[in-house]
Amino acid sequence: MSTKPPTSDIDETKVRTTAAKKVAVGVPAVLHALKIANEQMGMGRSIQTLLKVNQKDGFDCPGCAWPEEDKRHLAEFCENGVKAVAEEATLRRVDPAFFAEHSVAELDSHDDWWLGQQGRITHPMVLDEGSTHYRPIAWDDALREIGDALSALKYPNDAVFYTSGRTSNEAAFLYQLLVRGLGTNNLPDCSNMCHESSGSALTETIGIGKGTVSIDDIHNADLLIVAGQNPGTNHPRMLSALEKAKQRGATIIAVNPLPEAGLMRFENPQTVRGVAFGGTALADGFLQIRLGGDQALFQAIGKHLLECEAEQGGVLDHEFINAHTSGFDAYRRLMMDAEWSELVAATGLSEETLRRLGDIVRTSTATIVCWAMGLTQHKHSVPTLRDVVNVLLLQGNIGRSGAGVCPVRGHSNVQGDRTMGIYEKPSDAFLDSLDREFGFEAPRKHGFDTVEAIRAMRDGKVRFFMGMGGNFVSATPDTGVTEAAMRSVDLTVQVSTKLNRSHAVVGKRAIILPTLGRTDRDQRGGRDQRVSVEDSMGAVHSSRGRLAPPSEQLLSEVAIVARICSRVFGDQSTANTRRINAPRADWGSLEGDYARVREHIARVIPGFEDYEKRIDKGRTFFLPNAPRDERRFATIDGKARFTANALQYPVIPPDRLLLQTLRSHDQYNTTIYGKDDRYRGIHGGRRVVMVNMHDIAKLGFSDGDIVDLVSEWTAPDGAVQERRADEFRIVAYSTPRGNAAAYYPETNVLVPLDSIADVSGTPTSKSVLIRLERRG
């Protein structure tokens with residue numbers, strides 16, 4: 001089969017629909033994954049590569065952050081993991097000849113699928129101001145220009161440094177050190193757009209901004225509530241963990257506006273039962289909740305538990321509440337006063353259904369709530385997640401086996417990057433430790449998050465932008481504003497493995513620095529190097545690529561950042577210093593041996609003591625998690641905090657719909673692997689909008705009509721702003737009345753930059769008010 005890339009974009013006129021699936025994975029998933037692997041890598045390279053995915057002597061999957069068990073399968077990967085690996089280990093190349101053939105304007109005219117399918121970037125490239133094409137540039141020249149641009153900045157906050165969740169612990173640690181050495185905390189990252197609401201709510205209520213469960217807790221839970229999450233597409237390996245829990249007697253409840261095949265039935269392709277006997281039915285119940293109604297759902301559970309306690313007793317864990325929590329009385333009063341009629345209106349579920357779920361929670365001996373962006377990307381996401389915590393605290397479901405909070409993180413090291421200091425609001429304790437280790441004074445003023453960074457670029461306050469992985473332009477909201485903001489910057493730098501839209505929407509001058517991927521062998525200092533990552537449950541392990549890099553012109557992210565540090569700061573271990581207040585390190589030594597980077601990490605960040613030994617021979621170690629390990633809570637009063645949150649939910653005006661943006665099955669974040677979303681029955685295209693059949697008729701349309709999507713948002717000054725996404729096909733789909741769904745990044749243009757979650761600042765990509773307009 002040919003490994004050549006496509007020559008044209010997706011033909012959206014060829015979209016067709018079939019019935020949505022009611023079962024996930026199985027043999028079709030295996031065949032589809034192998035087809036994509038063969039197209040990108042060829043069969044021999046595919047087998048060689050896939051057998052090392054998530055193995056102790058191999059490399060960490062560049063896809064999601066779902067953890068592995070200590071005992072590994074021979075095939076320790078899922079369908080979407082295969083796609084992620086295939087796109088990185090592809091035989092396709094984007095070399096200087098490609099850039100000579102394709103102008104930047106032409107690249108910008110292509111869709112995200114075509115761009116991503118072209119292959120690995122092989123050489124450093126530069127786009128001169130006023131030029132139409134990128135040209136090759138030597139590494140020394142590229143790094144010198146970057147170093148000079150940073151040194152010439154009038155103010156440190158004139159620069160912004162973005163990070164995706166793929167960056168290793170070692171590269172992330174050096175990256176934040178570079179940024180703080182320059183004197184700024186402008187470190188926006190992909191967490192700002194996805195799970196920042198989780199971190200905000202959990203830090204406030206239990207004292208840690210991450211989950212409190214392990215993979216064993218998932219297996220041992222009595223009840224798992226999976227809310228606002230589609231593991232069958234976004235975290236397929238989670239299905240194996242849910243299957244194990246189910247086989248041990250767990251109850252699983254799915255809460256989502258759309259029915260998802262992965263939570264209906266799972267055909268595990270690594271078991272006889274999954275291949276030959278129909279697999280395992282997972283969800284015992286599906287609650288088709290209205291968009292934005294999740295806070296009301298968890299308030300309804302809490303209210304039911306409190307009412308049952310008042311009537312019969314024996315429901316709440318009073319010993320835990322009295323010893324380990326605060327704020328219970330205020331929460332109890334608010335919930336007892338809550339009106340069932342309003343909870344019903346907010347969720348779209350009957351009181352009977354809500355009480356039935358409450359009874360399931362009441363009788364559970366150990367409850368875990370799992371969630372993803374369906375709960376984090378609303379204006380009231382932080383109060384929603386506080387109410388998730390409230391329900392768990394009522395029965396002591398924090399800090400014991402089979403119970404806790406489980407925010408399911410996306411990209412493979414997004415949690416690790418935050419642990420390493422990729423955060424615009426670092427703690428004083430972290431900065432104090434950094435200062436002691438590197439002999440300088442890091443800035444204390446908080447920096448820009450992602451939305452604030454776009455605003456600053458839009459307003460002409462940013463002169464330099466650097467992206468360490470990721471695809472900033474396609475990942476962020478309000479596409480038109482973001483693209484204009486990016487084009488106003490003097491110099492944009494992208495550290496990348498593959499081509500994406502952020503290479504076509506650039507500043508006045510642009511540099512591409514091609515880097516090694518997870519699958520690539522990284523030889524520095526005369527030997528193979530390894531890096532490390534942290535999964536979504538706080539477990540750290542090593543990763544070592546095995547494939548020959550696609551070009552001799554690639555540098556690792558660690559090497560790139562270390563060389564920039566050397567140029568900007570000089571050799572701080574000698575008299576050759578270039579800044580008075582700058583981190584002191586032997587940058588050449590750090591580039592040549594990543595174990596030296598880990599030595600610094602071990603002295604700066606608690607929990608990483610004996611780092612090198614603990615990841616040796618593929619071992620995994622768990623970072624400290626005080627709520628889980630000790631029932632100790634680093635909150636303002638030292639206790640887990642009940643919170644009294646006023647109920648919020650969207651009210652949809654007549655003839656309008658509330659839109660959620662989401663991924664297709666052939667997609668991971670902004671990377672589009674293919675044209676299909678086979679579980680939802682959508683094939684050959686992406687510009688579709690899924691709408692309830694009764695809403696379609698009420699609005700005067702028919703299934704298959706082509707419409708424009710127009711978002712409406714009322715700004716703080718009262719002005720109504722509109723944004724438009726053209727030519728979407730209406731697809732009749734099972735979704736609550738008044739709700740709709742469509743894929744991003746195509747619909748990011750509809751998400752207003754200033755429509756963000758309270759407290760966390762996360763874009764409200766699951767609460768976009770739209771109207772449908774017929775094409776003229």
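In the predicted model, buried residues account for 63% of the 776 residues of the protein chain. The accessible surface of the protein chain amounts to about 27000 Å², and carbon and sulfur atoms contribute 49% of this area. The chain contains 31 helices and 33 strands. Its radius of gyration is 25 Å, close to the 28 Å that the globule rule gives for 776 residues, so the chain is as compact as a globular protein of that length. Along the principal axes, the C-alpha atoms of the protein chain fill a box of roughly 75 × 60 × 60 Å. Of the contacts between residues at least 6 apart in sequence, 78% join residues at least 24 apart.

Strand β18 comprises residues 509-514 and is mostly covered, with five of its six residues buried. Strand β17 (residues 491-496) pairs with β18 in the parallel sense, and six bridges connect the two. Within this pairing, Val495 stands opposite Leu513 of β18. Strand β5 (residues 125-127) runs antiparallel to β18 and is joined to β18 by three bridges. Here Leu127 is placed opposite Ala510 of β18.

An open sheet is formed by three strands in the order β21-β22-β23, with antiparallel pairing. Strand β22 (residues 539-543) and β23 run antiparallel and are joined by two bridges. Phe621 in β23 is the bridge partner of Val540.

Aromatic side chains were considered next. A pair of aromatic rings is described by the distance of the centres and the angle of the planes. The structure holds 14 aromatic pairs. One of them, formed by Phe173 and Phe438, is tilted, with 6.1 Å from centre to centre and 45° between the planes. Phe173 belongs to helix α8 (residues 169-182) and Phe438 to helix α22 (residues 428-438), so the pair ties together parts that are 265 residues apart in sequence. Phe173 counts as buried because its relative accessibility is 0%. Phe438 is also buried, at a relative accessible area of 1%.

The pair of Tyr611 and Phe621 is edge-to-face, because the ring centres are 5.9 Å apart and the planes lie at 85°. Tyr611 is located in helix α29 (residues 611-614), whereas Phe621 is located in strand β23 (residues 621-622), so this pair ties together parts that are ten residues apart in sequence. Tyr611 has 2% relative accessibility and therefore counts as buried. Phe621 has 6% relative accessibility and likewise counts as buried. Phe621 thus takes part in the ring pair with Tyr611 and in the bridge with Val540.

Another arginine is placed over a ring in the case of Arg663, whose charged end sits over Tyr668 at 4.4 Å from the ring centre. Elsewhere, ring pairs link Phe98, Phe99, Trp114 and Tyr134 into a cluster.

How values were computed
Residues numbered from 1 in each chain as written. Predicted model: local features only at pLDDT ≥ 70, side-chain atom pairs only at ≥ 80, totals over all residues. Heavy atoms only, no water. Phe/Tyr/Trp six-rings, centres within 6.5 Å; stacked < 30°, edge-to-face > 60°. Helix = DSSP H or I, 4+ residues; strand = E, 2+ residues; numbered from the N terminus. Buried < 20%, exposed > 50% of the residue type's maximum accessible area, 1.4 Å probe, protein only. Lys NZ or Arg CZ within 6 Å of the ring centre and 35° of its normal. Rg over C-alpha atoms; globule rule 2.2 N^0.38 Å. Contact = heavy atoms within 4.5 Å. Areas by Shrake-Rupley, 256 points an atom, 1.4 Å probe, with all protein chains shown as cover. Pairing = 2+ DSSP bridges.
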